Amino acid sequence: MESDADFRFLRLSFQCGICTPVISKGRIRSDFVAVPFELRFQGNRRTTRQRRVGDVRMSNQAFRGAARTIREIPSKAGKLRFVAYFTKLVLEVQAFYLRHAVVGLRSLRYFSQPNHPIRRKEVSYGAHDKQKLVFFWDAKTRDAPVVLFVPGGAWGSASLSAYALLGKSLAEHGMVAATMSYRVYPDGDINDMLDDIHHSTEHVLANCEEYRGDPKKLVVFAHSAGAQLAFMDVLRRLRESMQQPSIVIGSCGVYDIADHYEYEAWRGVSEMSTMKPAMNGSENFSRFSPSRLFSSDEVRDILRSPSSRIAPELGKTISSLKLTGHSWAERSGFLASLPDRSPAPLCVLSTSGRDSVVPWHTSAQFFNVLKAAGAQALFLLYDGVEHSDFVVDWMRPTSRDKRKRLFVPSSLSGLEDNSLSDAWPDKAEHVRDVLRLILRIFELEERKTLEANENGRVGVETDGQASDDMSARDFPLRKKPRTDIDP
């Protein structure tokens, strides 16, 4: 049995909240102070106790990994440096939760308003307590795009209530949102997680019309470890010829497990992470790495085979949107891959040069793999956006997007002449890009369908008005009629 004599203070839990090192009986340990947006608002005491037990087990995993790491360091000076490094990580965790305490307060305010126009409903898609979905929708919408958010958490945490404001934000922009939780280590391994992602997607497809959503407009929006799970589910659906989402957005995802393990080892956290035990050992890294699986001949043959699914004409549409991340990616040499036919959804990969948790070149490598395989792939590159910002920025009431840019501002001067440039000025750039992408693509597809029904043909060059059942808020991109887009 492993001894905990080396690192008694490493009992930290990213799920419970702020980890505060304190002195107790001459030993350094950690007390947990839960922050509001990490609480399960609709849970009972028994559920809370079970969750706390799971959090302690996850904390013990970090503790044991740190103990193994320090025992492998030969010199005393090296051990002391590692202690100092991990103490810095602990302080960074505290700073993160303190910095985003306002998100918790806003969540409490939202949950305390039973008559809020954005409705919500929690449902189960399985028997386990972690197999939950929460739908967010506005009663005024109809046949709206549906966004399923798959959270990350290093395969060791997946809070349901933490992302309520994200779902609320999506619903406020005319979409039906569904946030989810799934079994994570140690309650489940990678196979359980993949089953949960698959079954939750099937549940959303089967039931989203109840919340005024259109199953043909499904978008899977995944972050970090959730992006790996989402693209593994895309692969399963390709192999089994199942219905695919229209768009899959992976934000700073982990797509090559072995490479990321080496990166975490370089950072000194590989043995403290839940990634390795969640994958049932390093021997299974390749089996669950989308970058390696999508480069196989089997998947390439599926993607390049004649498909009954005609991909939307996205080239001109994406160019007209003038997405900030796409502009930066193109100037860095990452040109979009948009074939006319594809059995796979549009794969959007977003990342940032500032992300130190999952480096940007992980997404760049996977983008090149998707492009070589013949999939529809779009790369969005940002700077100054940290790993958590890709989620937290959706929950902020106003923009804090005053980040340092490594790119020449004049290279983006074309945005000033675009009627979309002033849409959602209070949102961060990556948030605006996702909103433009989702709403504009589905708006054009809906227009083409209406024109086909009315005129008996597709491709009529017109810029008709949106449906009377859709408010201007549902599709706020259309500031004025445009004539430079061929739908």
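At 12% relative accessibility, K168 counts as buried, because residues under 20% relative accessible area are classed that way. This value, like the others in this report, was computed from a predicted model. K168 forms a salt bridge with E172, and the closest N and O atoms of the two are 2.7 Å apart. Because K168 and E172 are four residues apart in helix 4, about one helical turn separates them.

**The sheet and its helices**

Helix 4, which covers residues 164-172, lies across strand 3, strand 4, strand 5 (144-150), strand 6 (176-181) and strand 7 (213-223), and runs at about 35° to strand 4. Another helix, helix 13 (residues 360-373), packs on the sheet as well, touching strand 9 (346-352) and strand 10, and its direction makes about 160° with that of strand 9.

The sheet itself is open and is formed by eight strands in the order 3-4-6-5-7-8-9-10, with mixed pairing. Strand 3 (118-124) and strand 10 (377-382) each have a single partner strand and stand at the edges, so one side of each is left without a neighbour in the sheet. On average, and with direction ignored, neighbouring strands of this sheet are turned by 20° against each other. The pairing between strand 3 and strand 4 (residues 132-138) is antiparallel and extends over seven bridges; R119, for example, has W137 in strand 4 as its bridge partner.

**Salt bridges**

Side chains of opposite charge can pair when their charged atoms come close. The structure holds 15 salt bridges, and the table lists some of them.

| Pair | Closest N and O atoms |
|---|---|
| E210 and K121 | 3.3 Å |
| K168 and E172 | 2.7 Å |
| E298 and R239 | 3.2 Å |

The salt bridge between E210 and K121 links distant parts of the chain, since E210 sits in the loop between helix 5 (190-207) and strand 7 while K121 belongs to strand 3, 89 residues apart. K121 is partly exposed, with a relative accessible area of 34%.

E298 and R239 also form a salt bridge, and this pair too links distant parts of the chain, with E298 in helix 10 (residues 297-304) and R239 in helix 6 (residues 225-240), 59 residues apart. E298 is partly exposed at a relative accessible area of 42%, and R239 counts as partly exposed at 41%.

Definitions and conventions
Residues are numbered from 1 along each chain as its sequence is written. This is a predicted model: local features need pLDDT of at least 70, side-chain atom pairs count only at pLDDT 80 or more; totals for chains, interfaces and linings use all residues. Side-chain values use heavy atoms; hydrogens and water are left out. Two strands pair if DSSP finds at least two bridges between them. Helices (H or I, at least four residues) and strands (E, at least two) are DSSP runs, numbered from the N terminus. Axes are lines fitted to C-alpha atoms, for helices over the stretch in contact, and angles run from 0 to 180 degrees between N-to-C directions. Contact means heavy atoms within 4.5 Å. A salt bridge is a side-chain nitrogen of Lys or Arg within 4 Å of a carboxyl oxygen of Asp or Glu. Buried means under 20% relative accessible area, exposed over 50%, partly exposed in between (1.4 Å probe, protein chains only).
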